[in-house]
Amino acid sequence: MSHPLDPRSPAVLDDLPGANEIRTGLADLKAGRHSIAACLARIARPRLARAGLIAPPATPADDHAELDLYHLLAPYGPNAHSRFNALIRQLVSFEHALDHQRRSLRHTPNNRTRTLPGDRADSR
């Protein structure tokens with residue numbers, strides 16, 4: 001069982017904005033469902049992999065995730081673009097919070113830096 005401060009622990013996402021949407025998206029991807037949440041998780045995959053929360057993608061970046069998201073929002077009619085922008089802002093907020101949390105987790109209580117999954121030796 002992983003410790004709640006372990007970056008691989010699902011509890012790491014608990015307080016991040018949009019975490020529920022990302023969790024839903026990851027579950028949808030795993031189940032093969034094409035959903036708005038799945039598109040957001042596809043867009044966030046590189047950042048989630050760098051944080052050690054998912055395995056690194058076996059294929060290159062998913063260049064069509066944003067377009068797929070926009071197509072799923074088409075039923076919103078004239079509001080589709082606003083909805084798209086709101087979801088992307090939420091995702092960016094999630095990614096920034098994840099990065100901030102990751103930087104915080106790198107430092108142990110005695111101010112010693114530790115390596116987390118996804119860290120590169122030359123990134124410090």
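Student: Okay, where does His-34 sit?
Tutor: His-34 is in the loop between H1 and H2. Keep in mind that this is a predicted model.

Student: Is His-34 buried or exposed?
Tutor: His-34 counts as exposed, because its relative accessibility is 51% and the cut-off for exposed is over 50%.

Student: And what does His-34 touch, leaving out residues up to four places away in sequence?
Tutor: With those left out, His-34 touches Cys-39, Arg-42, Asp-68 and Leu-72. Take Leu-72: in sequence, His-34 and Leu-72 are 38 residues apart, and their C-alpha atoms are 8.8 Å apart in space.

Student: Switching to Gly-25. Which helix is Gly-25 in?
Tutor: Gly-25 belongs to helix H1, which covers residues 19-31.

Student: Buried or exposed, that Gly-25?
Tutor: Gly-25 is buried, and its relative accessible area is 0%.

Student: So what does Gly-25 touch, again not counting residues up to four places away in sequence?
Tutor: Three alanines: Ala-37, Ala-38 and Ala-41. There's also a C-alpha to C-alpha distance of 7.0 Å between Gly-25 and Cys-39, which are 14 residues apart in sequence.

Student: How do H1 and H2 cross?
Tutor: Their axes come within 7 Å and cross at roughly 100°. That angle makes H1 roughly perpendicular to H2.

Student: Which residues of H1 and H2 meet there?
Tutor: From H1 you have Glu-21, Ile-22, Thr-24, Gly-25, Leu-26, Asp-28 and Leu-29. On the H2 side they meet Ile-36, Ala-37, Ala-38, Leu-40, Ala-41, Arg-42, Ala-44, Arg-45 and Leu-48.

Student: Now H2 and H3. At what angle do H2 and H3 pack?
Tutor: Helix H2, residues 36-50, packs against H3 at an angle of about 165°, and the axes are 9 Å apart. That's why H2 counts as roughly antiparallel to H3. H2 passes H3 in a left-handed crossing.

Student: Who makes that contact between H2 and H3?
Tutor: H2 brings Ile-36, Cys-39, Leu-40, Arg-42 and Ile-43. H3 brings Ala-65, Glu-66, Asp-68, Leu-69, Leu-72 and Leu-73.

Student: And how do the residues of the contact of H2 with H3 divide by class?
Tutor: Eight are nonpolar, none are polar and three are charged.

Student: Changing topic: how many aromatic pairs are in the whole structure?
Tutor: A search of the whole structure finds one. Tyr-70 and Phe-84 form it, edge-to-face, at 5.6 Å centre to centre with 75° between the planes.

Student: What does the pair tie together?
Tutor: Tyr-70 lies in helix H3 (residues 65-73) and Phe-84 in helix H4 (residues 80-105), so the pair links parts that are 14 residues apart in sequence.

Student: How accessible are the two partners, starting with Tyr-70?
Tutor: Tyr-70 counts as partly exposed, at 33% relative accessibility. Phe-84 is buried, with a relative accessible area of 13%.

Student: Last bit, the overall picture. How many helices and strands does the protein have?
Tutor: Four helices and zero strands. From the N terminus on, the elements run α-α-α-α.

Student: What share of the residues is buried?
Tutor: Buried residues make up 34% of the 124 residues in the protein.

Student: And of contacts between residues at least 6 apart in sequence, how many join residues at least 24 apart?
Tutor: Of those contacts, 47% do.

Terms used. Residues are numbered from 1 along each chain as its sequence is written. This is a predicted model: local features need pLDDT of at least 70, side-chain atom pairs count only at pLDDT 80 or more; totals for chains, interfaces and linings use all residues. Side-chain values use heavy atoms; hydrogens and water are left out. Rings of Phe, Tyr and Trp (its six-membered ring) pair if their centres lie within 6.5 Å; planes under 30 degrees apart count as stacked, over 60 as edge-to-face and the rest as tilted. Helices (H or I, at least four residues) and strands (E, at least two) are DSSP runs, numbered from the N terminus. Buried means under 20% relative accessible area, exposed over 50%, partly exposed in between (1.4 Å probe, protein chains only). Axes are lines fitted to C-alpha atoms, for helices over the stretch in contact, and angles run from 0 to 180 degrees between N-to-C directions. Angles under 35 degrees count as roughly parallel, over 145 as roughly antiparallel, 65 to 115 as roughly perpendicular and the rest as oblique. A crossing is left-handed if the near helix is turned anticlockwise from the far one by less than a right angle, and right-handed if clockwise. Contact means heavy atoms within 4.5 Å. Ala, Val, Leu, Ile, Met, Phe, Trp, Tyr, Cys and Pro count as nonpolar, Asp, Glu, Lys and Arg as charged, and the others, Gly among them, as polar.
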